[in-house]
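Here is a brisk report on selected local features of one chain. Keep the sequence and the 3D view open as you read.

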Amino acid sequence: MAEANYSGKTLRAALESEKPLQMVGAINAYSALLAERCGFRALYLSGAGVANASWGLPDLGMTTLGDVVEDVRRITAATKLPLLVDADTGWGHALMIGRTVRELTRAGAAGMHIEDQLPAKRCGHRPGKALVSTERMVERIKAAVDSRSDESFVVMARTDAVAVEGLEAAIERSCRYREAGADLLFPEALTELSQYRLFADRVGLPLLANMTEFGLTPLYSVSELASAGVAVVLYPLSAFRAMNAAALKVYRAIRQEGTQASVLDFMQTRAELYDILNYHQFEQILDESLEKEEPS
């Protein structure tokens, strides 16, 4: 088992060593191991991922800090890769946001992002989003920054203002977020590369670009986003969507055909599973332990 990572230093180091940093979403500990095996240097826990995968709920602000922290603990116990966590709107007022930072840090997260939607938030690529005032969001960021026990813990500001108030207003908000102490900026639901360039030039914070599928943002390549000044390229639920499609195909085949024989190609083999889990190493330790036990 990997030791939990209690510092944002690893995330900051990853940002320096890979430009832009490719960050993939992991819905659980095993997904994190798969991403680590593929060579990624940072992981992400999506609020939608927690709601959808762990609770079978839509991403509409119905999960709690405790729900997220539990998934964080499981992931950080399995991998040493730094984990950025979606903290939605912080789950409350300034005091609660402070608790959010402390609990996520204690659980091993390397950082979090907090957004400027109302507490009854929506998916960033859906209509009907509503924002708190710039002043209220500034308070959220300051509460997060001031509550850090580890100065390297990353506090990222997410803004949904482009879709609600327009590009200029979103840039003005983001400049205030930078002044409040945000380390990075996550402008959600952008539709053109030129918009990323404007944020990079005028706000002056490292940018995260959300390459979520089937949303409002085109699926730009890493090189395209690098040319627009992006520091982090996020793929929040790509593997989860693929898992779901494969699982549905397998379930349907078993139900309709009475056997899984036709869908074995969609499955990971037992040997591959054991390899990812280091199963045989654990088994060897167990065998050695049993050999030392005296017969009763």
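Thr105 lies in helix α5, which covers residues 94–107. The model is predicted. Thr105 has a relative accessibility of 8%, so Thr105 counts as buried. The side chain of Thr105 reaches the backbone oxygen of Val101, at 2.7 Å.

Thr100 also has its place in helix α5. Its relative accessibility is 0%, so Thr100 is buried. What surrounds Thr100, once neighbours within four places in sequence are set aside? The contacts are Leu65, Ala87, Gly90, Trp91 and Met112. Thr100 and Ala226 are 126 residues apart along the chain, and their C-alpha atoms are separated by 32 Å.

Asp88 sits in the loop between β3 and α5. Is Asp88 buried or exposed? Asp88 counts as buried, because its relative accessibility is 5%, under the 20% cut-off.

Leaving out neighbours within four places in sequence, Asp88 is in contact with Gly47, His113, Ile114, Glu115 and Lys121. Asp88 and Pro236 are 148 residues apart in sequence. Their C-alpha atoms are 14 Å apart in space.

## Helix α3

Helix α3 spans residues 47–55. Which of its residues are buried? They are Gly47, Ala48, Gly49, Val50 and Ala51. These buried residues pack against β2 (43–45), α4 (65–78) and β3 (83–86). Gly47 of this group is also a contact of Asp88.

Look next at the two ends. At the start of α3, a side-chain oxygen of Ser46 comes to within 3.0 Å of the backbone nitrogen of Ala48. After α3 comes Gly56, with a positive phi near 65 degrees.

## Helix α2

Helix α2 runs over residues 29–37. Its buried residues are Ser31, Ala32, Leu33 and Ala35. Their cover includes β1 (21–25), β2, α4, α11 (238–257) and α12 (270–277).

What does the side chain of Asn28 reach at the start of α2? A side-chain oxygen of Asn28 reaches to within 3.3 Å of the backbone nitrogen of Tyr30. Just after α2, Gly39 takes a positive phi of about 95 degrees.

## Packing of α8 and α9

Helix α8 (residues 167–180) packs with helix α9 (residues 193–203) at an angle of about 40 degrees. Their axes are 10 Å apart. The crossing of α8 past α9 is right-handed.

Which residues make the contact? From α8 come Leu167, Glu168, Ala170, Ile171, Ser174, Cys175 and Arg178. From α9 come Gln195, Leu198, Phe199, Arg202 and Val203. The residues of this contact divide into seven nonpolar, two polar and three charged. An α-helix has 3.6 residues a turn, so residues three or four places apart point the same way.

## Backbone exceptions

Most residues other than glycine have a negative phi, and most peptide bonds are trans.

Lys19 and Pro20 are joined by a cis peptide bond, with omega about -10 degrees. Pro20 lies in the loop between α1 (9–17) and β1. Ala189 is not a glycine, yet its phi is positive, near 60 degrees. Ala189 has its place in the loop between β6 (184–187) and α9. With 4% relative accessibility, Ala189 counts as buried.

Asn278 also has a positive phi in a residue other than glycine, near 55 degrees. Asn278 is found in the loop between α12 and α13 (279–292). Its relative accessible area is 41%, so Asn278 is partly exposed.

## Cysteines

How many disulfides does the structure hold? The count is zero. A disulfide would need a pair of cysteine sulfur atoms within 2.5 Å.

Cys38 is exposed, because its relative accessible area is 63%, over the 50% cut-off. Cys123 has a relative accessible area of 30%, so Cys123 is partly exposed. Cys175 is one of the α8 residues in the contact with α9.

Technical notes:
Residues numbered from 1 in each chain as written. Predicted model: local features only at pLDDT ≥ 70, side-chain atom pairs only at ≥ 80, totals over all residues. Heavy atoms only, no water. Axes fitted to C-alpha atoms, helices over the stretch in contact; angles between N-to-C directions. Helix = DSSP H or I, 4+ residues; strand = E, 2+ residues; numbered from the N terminus. Left-handed = near helix turned anticlockwise from the far one by under 90°. Contact = heavy atoms within 4.5 Å. Nonpolar A, V, L, I, M, F, W, Y, C, P; charged D, E, K, R; others polar. Buried < 20%, exposed > 50% of the residue type's maximum accessible area, 1.4 Å probe, protein only. Polar contact = N/O pair within 3.5 Å; in protein donor to acceptor, adjacent residues only side chain to side chain.
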